[in-house]
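Take a look at the sequence and the model below. Then follow along, from the whole chain down to one residue.

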Amino acid sequence: MLTIAWRVEELAAQRGLTARQLAEEAGLDQKTVRNILAGRATRVDLNTIARLSRALGVGPGSLWDLGADPARAWETSAGSAGEARPGELDDVLAGRWSEQTDPALERALRSP
Amino acid sequence: MSRCYLDTNFIYAHLRAKRGAMLGPVEAWRARVLSEMDDGGGVISGLVLDELAYRLVLAWLRDDGDGDPLSTFRQDTRKAMRAARRRLTAVWRAVDSLSLELQPTEHAVVEAAKSLMAQPGLAPRDAFHAAHALEAGCDLIASSDTGFDQVAALRRVAP
């Protein structure tokens, strides 16, 4: 399936624009811009595209690229840290993570 | 459209799930979270990456046969981190592929965390997670931690 990925983050970074600055430049809501910057927005109206295009100084066609598939990324990234030992995830799912493996606590208790 | 903060336990469970599994509790949780997010996407913070790395390093030590990974980590942190380098690189690549939004720890986040510690009285770490979520405009939090149920503006998507 053909998929489209936004290039807005790349273009904004090239211009040194944060999400807030880009939103201001384009006259758009920050939440909308953040979604687009993160490559998640899939339903964007023509007015928004025109505003982004103008703010970034590129033609509308330069705002996206072909090829990425974020939904598939969830499938392919599952298990990337190795398969859990038997019972390991039971505790995680039950919200029973050991306090001993709390990084803040570990740091606080570490000997100087 | 909802935005969802992905707590460390959610990302951890996803990354430690059995590859290719379809019907387990982790897969069901993930499917529910993705369905709730619709196109709103997921948000994380530096805290999530901090906790994720730390807990994974301990898990890998245990995977490799260490019966007391916490002591091993404390005794020679550098060695433990170097041993985990290759696996951590793969994890960062996997996390990057998810195109999650990283909410920075801005001044407003710190102030919100202070407020959440005072009322409703969240634990410090939970307060910071919740503050990142709220400042990022999230209305959902994917977490197995019931502590977030105290935050009225966040609906928890539990396993």
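What percentage of the contacts in chain B with a separation of 6 or more is accounted for by residues 24 or more positions apart? The share is 63%. Keep in mind that this is a predicted model.

Start with the parts list. Chain B has eight helices and five strands. Read from the N terminus, the elements run β-α-α-β-α-α-α-α-β-α-α-β-β. The radius of gyration of chain B is 16 Å, close to the 15 Å that the globule rule gives for 159 residues, so chain B is as compact as a globular protein of that length. Along the principal axes, the C-alpha atoms of chain B fill a box of roughly 45 × 35 × 25 Å. Of the 159 residues in chain B, 45% are buried.

Now go to helix 1 of chain B, residues 8–15. This helix packs against helix 3 of chain B, residues 46–63. The angle is about 45°, and the axes are 9 Å apart. Angles under 35 degrees would count as roughly parallel, and 65 to 115 as roughly perpendicular. That is why helix 1 of chain B is called oblique to helix 3 of chain B. Their crossing is right-handed. Which residues meet here? From helix 1 of chain B come B:Thr8, B:Ile11 and B:Tyr12. From helix 3 of chain B come B:Val48, B:Glu51, B:Leu52 and B:Arg55. By class, this contact has four nonpolar, one polar and two charged residues.

Helix 1 of chain B also packs against helix 2 of chain B. Here the angle is about 125°, with the axes 10 Å apart. This pair, too, is oblique. The crossing of helix 1 and helix 2 of chain B is left-handed. Helix 1 of chain B brings B:Phe10, B:Ala13 and B:His14 to the contact. Helix 2 of chain B brings B:Val26, B:Trp29, B:Arg30 and B:Val33. The classes are five nonpolar, one polar and one charged. An α-helix has 3.6 residues a turn, so residues three or four places apart point the same way.

Next, look at where the two chains touch. In chain B, 41 residues are in contact with 33 residues of chain A. Which elements of chain B give two or more residues to this side? They are helix 1, helix 2 (25–37), helix 3, helix 4 (69–75) and helix 6 (85–97) of chain B. The largest share, nine residues, comes from helix 3 of chain B. By class, the side of chain B that touches chain A has 18 nonpolar, eight polar and 15 charged residues.

After helix 3 of chain A comes A:Gly39, with a positive phi near 75°.

Finish with a single residue. B:Ala80 sits in helix 5 of chain B, residues 77–83. Is B:Ala80 buried or partly exposed? A buried residue needs 20 or more other C-beta atoms within 10 Å. B:Ala80 has 18 C-beta neighbours inside 10 Å, so it counts as partly exposed. Leaving aside neighbours within four places in sequence, B:Ala80 is in contact with B:Val57, B:Leu61, B:Thr72 and B:Phe73. B:Leu58 lies 22 residues from B:Ala80 in sequence, and their C-alpha atoms are 8.6 Å apart in space.

Definitions and conventions
Residues numbered from 1 in each chain as written. Chains lettered and ligands numbered in written order. Predicted model: local features only at pLDDT ≥ 70, side-chain atom pairs only at ≥ 80, totals over all residues. Axes fitted to C-alpha atoms, helices over the stretch in contact; angles between N-to-C directions. Helix = DSSP H or I, 4+ residues; strand = E, 2+ residues; numbered from the N terminus. Parallel < 35°, antiparallel > 145°, perpendicular 65-115°, else oblique. Left-handed = near helix turned anticlockwise from the far one by under 90°. Contact = placed C-beta atoms within 7 Å. Nonpolar A, V, L, I, M, F, W, Y, C, P; charged D, E, K, R; others polar. Rg over C-alpha atoms; globule rule 2.2 N^0.38 Å. Buried ≥ 20, exposed ≤ 12 C-beta atoms within 10 Å, placed from the backbone.
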